[in-house]
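Hi everyone, thanks for making time this morning.

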Amino acid sequence: MFLHPDSDAPAVIDADTGRVLSHRQLAAAAADFATQYEQPHELVFLFADTSVQTLVAYVAALQHRSPVALLDASMRPAGAQELVRRYRPTVVVDATAEIGPQLAGYHLASPGVWRHERAAHPTHPALAVLLTTSGSTGSPKFVRLSRANLEANTSAIIESLGIDAADRAIATLPLHYSFGMSIVNTHLAAGGSVIRTGTTMLEPDFWDVVRRDRPTSLSGVPYTFHILRRLGLDKLDVPSIRTMTQAGGRLETTIVKEFHAEMQRRGGAFHVMYGQTEAGPRMTCLPSSSLPEKLGSAGLPLRGGTIEICDELGEAVPVGASGDVVYSGPNVMMGYAEQPADLALGDVHGNRLHTGDVGHLDDDGFLFVTGRTKRIGKIFGVRVSLDEVEQMLDADGPVAVVAGADKLLVYCEQPASGDQLDGRRRRLAHDLRLPLSSIRFSCMDALPKMANGKTDYQALERRKAGTGA
Amino acid sequence: MTDESTLRKAFVDSLDIAPDTDWESLSYRGIEEWDSVAHMRLIAELEDVFDIMIETEDVIDMNSYVVARKLLGKYGIDFA
């Protein structure tokens, strides 16, 4: 999948070492790496970093039909060990070598690769990729994506954005994040290339890479564009970037307008997309040609997809009315996995996904996403299950967690000193791998409850609005 | 001449770090607290406290406390 073994055009550029792999070399490296996986359909855990080895291991798994779970190499070791213990993958790839050596029952098979000798759990033959649903809470819940899901989504995105062999993306998002994976899939499949770098947009080295290796596109979550705007694109002297793609949450329309105008000046485009890991991951695209008329919209469904707006009973509502956003398409996941036995399951979703988002369609079929029904926060583009965060914290007494703009607000019932709260805040930020500034703790005499004894989140939302968070 | 305590307070406030930090070794991504989000807050705080506009190249060059102290000289902020 996604390979062009006859092409000598660059496929992967490792900006940090200067190493370049052509499509032909990538195919050969993947075939070589796949010997580590032995039997097809045996589960692989890939703790992803920005190295070329990580990318080769990923492509090799797809090629060899080894279902691969993409995980954050910087997740806390205890969480990683627990996940490995639970799912017992046959092979663990960890280029950082931070997690592999700590795994009981695994031995080092080759650099960065650990193996388990016991019989693996059976997996469904269509299963290709597993992705976590909720940032780095260490949740054992995976999204199960089939080969067909990935192929459908990849070709629909390529068509929608017009990605071709001349396109080159710079990896600003990690591979274990569904949007990051999708950037790799689409550019490799189109015969284009991806630049890997461990540097960030706030380091001079990153921009040196951009000026030297000349990516044509840059993708990001809203926060990426906040940083870019502060830096000032014109001051960075990076004329090669002519396309930008934004997903992972709602970007302020004033900012969309600015970047759209700038990309148009360069003869390129600014794409707003809407997706979810469960949809492998992208569902809609706002065509550049519909700006500025449809500003604020998430766009139209990708080829093969449809969007319906439904009421609580699942009935479609009239055009313009608000309701639950339901997406159908060939890219909708097979289902979730919460335990090893689930890996053997086939499709349980029938290509239909209740997104948990609330929105409406306009007369032209453009989607406008206005809110969420599920208890999920989006912090700097990373989805965080608020209920899972509560479970992580409840050893210290009752808590309720709600989300604000790039913030988690934690309300504790147990009285605690400022120092205690600060300690808990730091621990949580560390465990979730979120910026410290995105987490706020406060104490309440009693958490608001509804008549049925459950936390009254509406009351907390009103309280949050009062504090301007 | 400006008192360095003003600069330190800006770092403490925006990076959420202890006032008894090892200032000479403090660097971007060197500690968990100084990530990209905190960096953007730090820049905003420095602009606010010293009433300056920090240029793009300095936003991305300011990768340690020592460098920040030096770069601010460009904006007429010199430390005793």
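**Cavities, a pocket and an interface**

Let's start inside: H41(A), A61(A), L62(A), R65(A), S66(A), P125(A), L127(A), A128(A) and R147(A) line the largest cavity. Before I go on, a word on the ground rules. This is a predicted model, where local features need pLDDT of at least 70, side-chain atom pairs count only at pLDDT 80 or more, and totals for chains, interfaces and linings use all residues. Residues are numbered from 1 along each chain as its sequence is written, chains are lettered from A and ligands numbered from 1 in the order in which they are written, and side-chain values use heavy atoms, with hydrogens and water left out.

As for the term, a cavity is a set of points on a 1 Å grid over the protein atoms alone where a 1.4 Å probe fits but cannot get out, and lining residues have an atom within 4 Å of a point. Volume here is the space filled by probe spheres set on the points, with points joined across faces, edges and corners.

The largest cavity holds about 50 Å³. Both α2 (52-64) and β8 (127-132) of chain A supply at least two residues of its lining; helices (H or I, at least four residues) and strands (E, at least two) are DSSP runs, numbered from the N terminus.

How many cavities of 30 Å³ or more does a search of the whole structure find? Two. The second largest cavity has about 40 Å³, and its lining is A171(A), L173(A), G180(A), I183(A), V184(A), V194(A) and R196(A). Which element gives the most to that lining? That would be α5(A), with three residues.

Now for an open space. A pocket is an open set with protein on both sides within 12 Å along at least five of seven lines. The second largest pocket comes to about 1200 Å³. It has 50 lining residues, and R250(A), D357(A), G371(A), R372(A) and K378(A) are the closest to its centre.

Finally, the interface. Here 18 residues of chain B touch 22 of chain A, contact meaning heavy atoms within 4.5 Å. The two chains bury about 1700 Å² between them, 55% of it from carbon and sulfur atoms; that is accessible area (1.4 Å probe) lost on putting the two parts together, summed over both. M40(B), T56(B) and I60(B) supply 34% of what chain B buries against chain A, more than any other three residues.
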